[in-house]
Amino acid sequence: MRKRTLLLATSLTAGLLTLPLTAEPASAAPSGLAGDFNGDGYRDAAVAAPAATVGGKSWAGQVTVVYGTAGGLDPARHAVISQDTSGIPGAAETDDEFGDRLAAADLNRDGYSDLIVGAEHEAVGSKQDSGTVVILWGSSSGLSGGTTVKNPLPLYGSYFGLGIAAGDFTGDGKPDLAVSAQSDTGANPYRIRLIRGPFSKAGSTGTVSTYTPGVDRPGLTTGKVDGDTKSDLVVTGKKTNSDHLAAALYYQGTSSGLSKGATLRAGTNAAVGDIDHDGYGDIALGNPDDPDTEPSGSTGGEVSVIYGTSSGPSSTRRTTLTQASAGVPDSASYGDRFGEAVALGDLDKDGYADLAVGAPGESFGDELDYRSSAGAITLLPGSASGVTTTGAVALTQDSPGVPGTMEAADRFGAQLLASDVNGDGHADLTAIAAQENDDAGALWHLPGATGSLYSTTTSTSFGPTKAGLSSNQRGAFGWDLAG
């Protein structure tokens, strides 16, 4: 199914002219931080805009990168990239949806983080929807130039790039790419391809291995769950041949590749972080569907946390939270979509990763004042005993210090990213309201703060035009985030 069927329709106008970011003076050495595309010591945020019109081609897609500063994300310092940008492979075409998936890693090990961009609907020759993945290279002046990652099996409808994750899965010091796609045969048609590093600007890579997860349209999330030096992979999606049942499973990184491990609780999206500060990554899984759609789910949606151990995800230490759980703000209602987005990061700088949960379907008001799908975000602190509801915070656009005003259909919390963009040691939350301002969408920068999880004085917000994009984003602004 094309993503556009999930988004509200509005008219599109011609794409904006893409202008390069003014070069910054090169620092003595790049920071080496994940998501720091220009090496200045501040992590940046890449924001997907797959519905963007480029050169008159609707849904061709763009990515805007907003650079981090000591004051947080600065939309005045941005770069907009499409397949019509100089040095980027391919050409902007109708329905490519360039930027549909994003990931960040230093693939050529030069100290600058690179951005990996998927366009699962890209045609390869005459093969429609074959898909492509492009690496945009980091440099002292930001992202510059690109290289196509070879599609090992270009087929009609293979959707190469429908899931992307970057990490050193083999532990050899060379970051790898995991890319999901559809194959042409078998009862389980979807595959994950592990493309080993190193990667070069000339297009060379290491060897490729293929895995069959038994999950349709697998989404990919990376992190270090078992505490070793190798990245692990969490796969989320729907069970094969099921339109409803969510599924999640774990692949352990090994020196020879990925090893399929535990089946996890149901989830359609994931985040990995050390919630209890024991040296092992914990897995948060969002499952936002109501039971009439997802029988294993909960009314209003749910989030499961599976704690890491030296051998991978625990089979016993697992917990599931809903808005009906004791201490979780608000209440569970049909259509809240609690868990549509999850993120993990140490927002209050206490050493424990905190959990952010998006509920973009959350509605407020009575029958005379009904703000349907205004959206909300719940912040749940980490602790030595794991995720806790003590000190939990519920955020809307009417919360103290959060810019904007809560309105119907904004879908605040549709996408989340936790990363330290202002360099103060706190993870900051980047949040999307996908349909703010009649489907234009908007982004919130919610800095972390000691004792309160977010700053009530320095939070900011901006829409796509501030970041160099058209306002005609069809509810797809921020469809994915990386940094």
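1. Arg 317 has a relative accessible area of 31%, so it counts as partly exposed. Keep in mind that this is a predicted model. What does Arg 317 form with Asp 276? The two make a salt bridge, and their closest N and O atoms are 2.7 Å apart. Asp 276 sits in the loop between S16 and S17 while Arg 317 belongs to strand S19, so the pair ties together parts that lie 41 residues apart in sequence. Asp 276 counts as buried because its relative accessibility is 6%, and the cut-off for buried is under 20%.

2. Now the sheet those strands build. It is open, has four strands in the order S16-S17-S18-S19, and its pairing is antiparallel. Strands S16 (269-273) and S19 (312-321) are at the edges with a single partner strand each, so one side of each has no neighbour in the sheet. On average, neighbouring strands here are turned by 20 degrees against each other, ignoring direction.

3. S17 is worth a look of its own. This strand, residues 282-287, runs antiparallel to S16 and is joined to it by five bridges. Ala 270 has Leu 285 of S17 as its bridge partner, and Ala 271 has Ala 284. Towards strand S18 (residues 302-309), S17 again pairs in the antiparallel sense, over five bridges. Asn 287 finds its bridge partner in Glu 302 of S18.

4. Is S17 mostly covered or mostly open? Mostly covered: six of its six residues are buried. Both faces are covered, with Asp 282, Ala 284 and Gly 286 buried on one side and Ile 283, Leu 285 and Asn 287 buried on the other.

5. Back to charges: the whole structure holds six salt bridges. One pairs Asp 289 with Arg 337, with 2.8 Å between the closest N and O atoms. Asp 289 is in the loop between S17 and S18, and Arg 337 is in the loop between S19 and strand S20 (341-345), so this pair ties together parts 48 residues apart in sequence. Asp 289 is buried, because its relative accessibility is 11%; Arg 337, at 28%, is partly exposed.

6. Another salt bridge joins the side chains of Arg 411 and Glu 340, at 2.5 Å from N to O. This one links distant parts of the chain, 71 residues apart: Arg 411 is in the loop between strand S23 (393-395) and strand S24 (412-419), and Glu 340 is in the loop between S19 and S20. Arg 411 has a relative accessible area of 18%, so it is buried. Through shared partners, salt bridges join Lys 238, Asp 289, Arg 337, Glu 340 and Arg 411 into one network.

7. Then there's Asp 176, in strand S9 (residues 176-182). A polar atom of the Asp 176 side chain does lie 3.5 Å from the backbone nitrogen of Thr 170. Leaving out residues up to four places away in sequence, Asp 176 touches a list of residues including Leu 107, Ala 165, Phe 169, Thr 170, Leu 194, Arg 196 and Phe 199.

Terms used: Residues numbered from 1 in each chain as written. Predicted model: local features only at pLDDT ≥ 70, side-chain atom pairs only at ≥ 80, totals over all residues. Heavy atoms only, no water. Pairing = 2+ DSSP bridges. Helix = DSSP H or I, 4+ residues; strand = E, 2+ residues; numbered from the N terminus. Axes fitted to C-alpha atoms, helices over the stretch in contact; angles between N-to-C directions. Polar contact = N/O pair within 3.5 Å; in protein donor to acceptor, adjacent residues only side chain to side chain. Contact = heavy atoms within 4.5 Å. Buried < 20%, exposed > 50% of the residue type's maximum accessible area, 1.4 Å probe, protein only. Salt bridge = Lys/Arg side-chain N within 4 Å of Asp/Glu carboxyl O.
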